[in-house]
Amino acid sequence: MKKWFIIAAMTLAVSGCSSAPEGVNTFLLPAGKTLTVSHANNQPLLIVRPVEVAAHLAGNGLVYQTSATEMVEAQQNLWGEALARQLTRRITHDLRQKQHQLWATQLTPTLSTTGAERLQVRINQFNGVYTGVAKVAGEWMIIGANGDLQAVHPFEFSVPLAKNGYSAQVEALSTAVDELTTQIADAVK
C-alpha cells in the first residue's frame with residue numbers, strides 16, 4: 001500500500017512539472033511586411049546594434065501602465081523571446097524593406113564593422129496604457145563609420161488599442177514599431 005502511495009505521489013509531481021501553467025500566453029511581435037530584397041555588392045552596410053530596453057521592460061512579461069505612476073509586468077502574458085532580440089530583428093528586417101541606400105544587418109562577431117554606419121535604438125517605453133493606447137518611446141542614433149555621432153532622434157508613438165487584451169496590445173506595439181522604422185528609413189535615405 002505504501003509503495004502505491006509513493007508511486008502515485010511521484011506521478012502527480014512529475015506530471016505537474018511537465019505541463020505549462022494554465023492560462024499562460026506567449027507572444028511574439030508580428031513580422032513586418034516582406035518583399036524579396038537582397039544585398040547589392042556596392043551597397044554600404046548599416047549595422048543595427050542590439051536594441052537597448054529599459055530595465056522594467058527586460059523581463060519576460062508584457063508591461064502595462066495601470067495609472068500615471070504605476071507599471072505592472074504580466075505574469076501570465078509573456079514574451080516568447082527576449083524583447084530586445086525581437087526588436088533588433090524586426091528593425092533590421094523593416095529597414096531592408098523600407099529603404100535601399102544601406103543594407104541593414106545585425107551586429108555579429110564575424111562581421112567587419114570598419115567603414116560602416118551603426119544604428120543604436122534605445123527603448124524607454126514599450127507598453128500598454130490604461131488610457132487605451134500602446135506607447136513606444138525612446139531614441140535612435142546614427143553613429144558614423146569613424147565613430148562620430150551623426151544624428152540623435154527621440155521618438156514617441158501612441159497607437160490606440162483596437163480592443164481590450166494583450167493580443168491587441170502586441171498588435172498596437174507592432175504598429176508603433178512600424179512607424180519607428182519608417183521614421184528611421186526616411187532619415188537614412
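**Reading burial and aromatic pairs**

Q: In which strand does T105 lie?
A: T105 belongs to strand 6, which covers residues 103-106. The model under discussion is predicted.

Q: Is T105 buried or exposed?
A: A residue is called buried when its relative accessible area is under 20%. T105 has a relative accessible area of 15%, so T105 is buried.

Q: With which residues is T105 in contact, leaving aside its neighbours within four places in sequence?
A: Contact is judged from the distance between heavy atoms, with a limit of 4.5 Å. With those neighbours set aside, T105 is in contact with L45, L46, I47, V48, T92, R96 and L111.

Q: How many aromatic pairs are there?
A: Two rings pair if their centres lie within 6.5 Å. By this rule there are two aromatic pairs. One of them joins W79 and F126: the centres are 6.2 Å apart, the planes stand at 45 degrees, and the pair is tilted.

Q: Which parts does the pair of W79 and F126 tie together?
A: W79 lies in strand 5 (residues 71-79) and F126 in strand 7 (residues 117-129), so the pair links parts that are 47 residues apart in sequence. Both W79 and F126 are buried.

Q: Why is the pair of F155 and F157 stacked?
A: Planes under 30 degrees apart count as stacked. The ring planes of F155 and F157 are at 25 degrees, with the centres 5.9 Å apart, so this pair is stacked.

Q: Are F155 and F157 buried or exposed?
A: F155 counts as buried, at 6% relative accessibility. F157 is also buried, its relative accessible area being 11%.

Definitions and conventions
Residues are numbered from 1 along each chain as its sequence is written. This is a predicted model: local features need pLDDT of at least 70, side-chain atom pairs count only at pLDDT 80 or more; totals for chains, interfaces and linings use all residues. Side-chain values use heavy atoms; hydrogens and water are left out. Helices (H or I, at least four residues) and strands (E, at least two) are DSSP runs, numbered from the N terminus. Buried means under 20% relative accessible area, exposed over 50%, partly exposed in between (1.4 Å probe, protein chains only). Rings of Phe, Tyr and Trp (its six-membered ring) pair if their centres lie within 6.5 Å; planes under 30 degrees apart count as stacked, over 60 as edge-to-face and the rest as tilted.
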